[in-house]
Structure formats: structure tokens, C-alpha cells
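Look at the sequence and the structure shown below.

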Amino acid sequence: MSEIPGDLKFRKSHEWARVEDADQVRIGISDHAQAQLGDLVYVELPNVGDRIEAGNACAVVESVKAASDVYAPVSGEVVAVNEALADKPETINEDAYGDGWLFVVKPDAEAKDELEELLDPDAYAELIENEEH
Amino acid sequence: MTKQTILNTTHRAAGAKMVDFGGWDMPLHYGSQLEEHHAVRRDAGMFDVSHMTVVDLHGAHTREFLRHLLANSVDKLKAPGKALYSCMLNERGGVIDDLIVYFLGEDFFRVVVNAATRDKDLAWIRKQAPAFDVSVTERAELAMIAVQGPNARTKALGLLHADDRGRIEKLGKFVAGEARGPGDMPLFVARTGYTGEDGFEIIVPETDAVALWNALAAAGVAPAGLGARDTLRLEAGMNLYGQDMDEDITPWEAGLAWTVSLDAGRDFVGRSALEKQKEGGVPRELVGLVLEDKGVLRHGQRVLAVVGEGEILSGIFSPTLGKSIAFARVPAGARDNLRVDIRGRELPLRVVKYPFVRDGKPVS
């Protein structure tokens, strides 16, 4: 299991969010999630311009084992998606917190509160530790 | 309490992700299911299949017993060592299990049945054996390792006693022979498998299984888990018991007509039900499917036909084809315009002949 970068915030459903600046929050799934799913074979991403709501399903990651919904950690407008995943979904297995990002959101005003509710890396590490026992 | 094979510690030490499979704690993969799949298609991989059940049948009337018990005809087995794939049916023609039977002598046949069906299989076999004076012995002390892939035989042959190597190398497909392995361990080596690749299934005393596994690993055979086993067997067009057929499904409805022998004068269990269903028209059939769109066909998804509907039985992302393939059971004759419902979206399906992959190359 790789180290969890300190600048990430997590949903309990294993999505991460990284605030890069006031207009840009990058979203992905955790390294723990990719390990549980196994080799990824397809990713269904939202379109640029789509509005997403925190807590709603906004993408699907599909592995050799199962299809799994991705829930939005924050509300906002999708401003970029990781097109490279269409041909190389395994990038998520290899680098879940880096090149395996899913999409970037321009957050709404209320996103600040939504981000507050997410888990910090220590709390998330504790969550997955408990899941494994 | 889940059961463990003798190789359980070895799997865990190799970092395997373990899952419950039919009451057994088995390796799903050792890191990457896709890499294990490709290792078998391109080189050599090995599977711990010790959870499967080996049953030895002894007695002067064993062949007669198997003529009665199995839907395929053991009269096809003429030379000792020869193996046959068959279904074992109930009176309704439903499949109790699928198995491989080896002819080892007129008074000695060996069958290998599935793990999840062990209890009911043994009960069924034991119920009928006394009438033929056949003794039924489960060989729980035997482990089994499948070595599969284009280089599997060469790598396994290198571990055999020099005096046995030539004879085992010459074994035809679906034939087994005895040989000595590392340290002269006694092996039963069968040129069979469940991947569509050449290779061996090796039955070994439990006490020697770890040593054999390690010797194979040292010879360059990659450990592979149940995940890869499932994608390899479906690409090869092979059925999985419990998913593609069960006690309420006849071989006609499961794409297994080729395993049923309606030879004259042989009254096997389920025969009259099969004949009756054939006369009346078989209502459903098993078809092979390819999904050209993105997405993965999975067990239980609805298949929509022009008239009526069916369902996906086994469905996977095929690593060799780079797209999803499946078996589905659909109304008989409903091969045109099939669509699958994946999370509310209807995607078109293409019906293809299977195997989907032969000798490592895409067929469909």
C-alpha cells in the first residue's frame, strides 16, 4: 500500500479530492479502492461542462471483478477529464493519486463546507485499517 | 470455517488476495489477474486446484456403473490412461456436476469432480455404486496443480525423472500417466486443463505438493489465481458449473450436447428426460456473445431478444480480445438483435461461435 499524500481529502466511499487552487479540485479513487477492485478495464467519466453534486454518482470504474460507482466529493462543474484513461485504465492501478486522476471540478461556493466534511489522510488510513480487520 | 488446501500458506506468503470459493479459501490473484492471464496464454502458469475432489472407483463392474452414471459414454475409453469429460445427470436430465473420468484399468476408474459440489456428488455416486458392487474412495490426501500454457509441458517435463520424461512427453491430449517428480515423488500427470492451452493437470500427494509447486515456480511457471482461471476458461469456451448449468438445466440447454452420447442400448440416468426434451423441442439455448461497446458483461444481466429475454451466465472482460465476452441462455433460436441491459443502457450483442480464443489467438 502506497503512502497517502498529505494534501488529499477522502470520502468514506474511497474517492479523493485535492484542492489545487480556488477554481480547481482534482478527483480520483484511492489506492485502497483500486487494490480492492483489481485490474481496471474501463472508466466512464462525466463530460466537461457537466454539473455534479456532492454525494451523487458521477463516474463508473469497472475492473475485472466489478463495476463500481464513483461519488462526487464536492459539487461543481467538470472542467477537465482524464482522457488518457480511455486507453490505459490500468493507470489508476499504477498511480491512483497521480496520473490515475479521474476529473477536475470547478467547485461551487458551498464546496468549502463539503470539503470540511471529508476525511483527512490519517482518518482515512484509520478507516481502511478497520475495514481490513 | 473455510477449508484450506495444503498450499494455503504458500499462496499467502506470495501475497495472494484470498477469497472464499465454494467453501475453500483460495487465491483470487497474486497481484494482477490480467498479468496472470497473459502469462498462461503466452508462457506458462500454474493453478492450485487441490480443492477439487478426486474419487477412485474400484470393482469388476466399474465400467458398467459409469455407463449408468454418466451422460457421455465411457465405452469411448479404450486405452488405459484415457480421459473423458462428462456430465452426471439427475433423473430430470439436470446437471448434478460436470467431471473428468480417467480409465486406469477395467476394475479402476478415477473421477475428478468440482469442489463446491463435493458432498452431493459423493452422496449421489455412493447411492448408486452398491448395485454395481463398486467401491467409492475419496482421495482427500491428494493435491492437484494445473500447469498451463504454450511452454507449460516443457517446463513441467524438466522436473520429471529422466526415465519417465519421454513417455509423459508423448502423452496424447486427454491422456494421463504416472511419473516420478522431484525427489521421486509419485505423480499422476494428465494432459488436460481448463484454459484452452496445452499443459498438464498433476495429481500429487499432499505431502509433496508444496515441493512440486516450488519446483515449478523455480522452473519459471507463474502462479495464477481463480480470477485468471475464470477468464481463461471462458475465452476457451468452457462451462463453469453453477454458473452456466445446474440441476435444473439439461446439457441441451447448456451447450453441452457434444458431451451426451445417446448410444444404443445404454440406459444412463437422465436419458429418458433428455430424449423427451429433445422430441418436444429444447426451449432455451446457450450462446456465445461479444460486446463491441465499452462495458463488461456480467453474470445476471438481462439479455433482450426480439421475442422474450435471457440472461448472462458467465461474463468477463476478455484480456486476450480486449473486450467483453459472455455465455448467455436465451430462448431457442433467438440469435438476432440481442441486446444487453447494463445499468439501464441497452447495448447490442454479437452472437459468435466459441471458443472465443484458440491457441492463444482470437477466433471471433
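**Sheet, hairpin and contact**

In chain A, six strands make an open sheet, and their order across it is β1-β2-β3-β9-β8-β5, with antiparallel pairing. The model is a predicted one. Strands of a sheet are held in pairs by backbone hydrogen bonds, and the pairing can be parallel or antiparallel.

Now turn to chain B. Strand β5 of this chain covers residues 83-89, and six of its seven residues are buried, so by the cut-off used here each of those six has 20 or more other C-beta atoms within 10 Å of its own. Seven bridges pair β5(B) with β6(B), residues 95-105, in the antiparallel sense. Within this pair, B:Tyr102 of β6(B) stands opposite B:Ala83. What do β5(B) and β6(B) form together? They form a hairpin, with five residues between the two strands. One residue in the turn, B:Gly93, has a positive phi of about 85°.

The last step is to see where the chains meet. Seven residues of chain A are in contact with nine residues of chain B. On the side of chain A that touches chain B, four residues are nonpolar, one is polar and two are charged.

How values were computed:
Residues numbered from 1 in each chain as written. Chains lettered and ligands numbered in written order. Predicted model: local features only at pLDDT ≥ 70, side-chain atom pairs only at ≥ 80, totals over all residues. Contact = placed C-beta atoms within 7 Å. Nonpolar A, V, L, I, M, F, W, Y, C, P; charged D, E, K, R; others polar. Pairing = 2+ DSSP bridges. Helix = DSSP H or I, 4+ residues; strand = E, 2+ residues; numbered from the N terminus. Buried ≥ 20, exposed ≤ 12 C-beta atoms within 10 Å, placed from the backbone.
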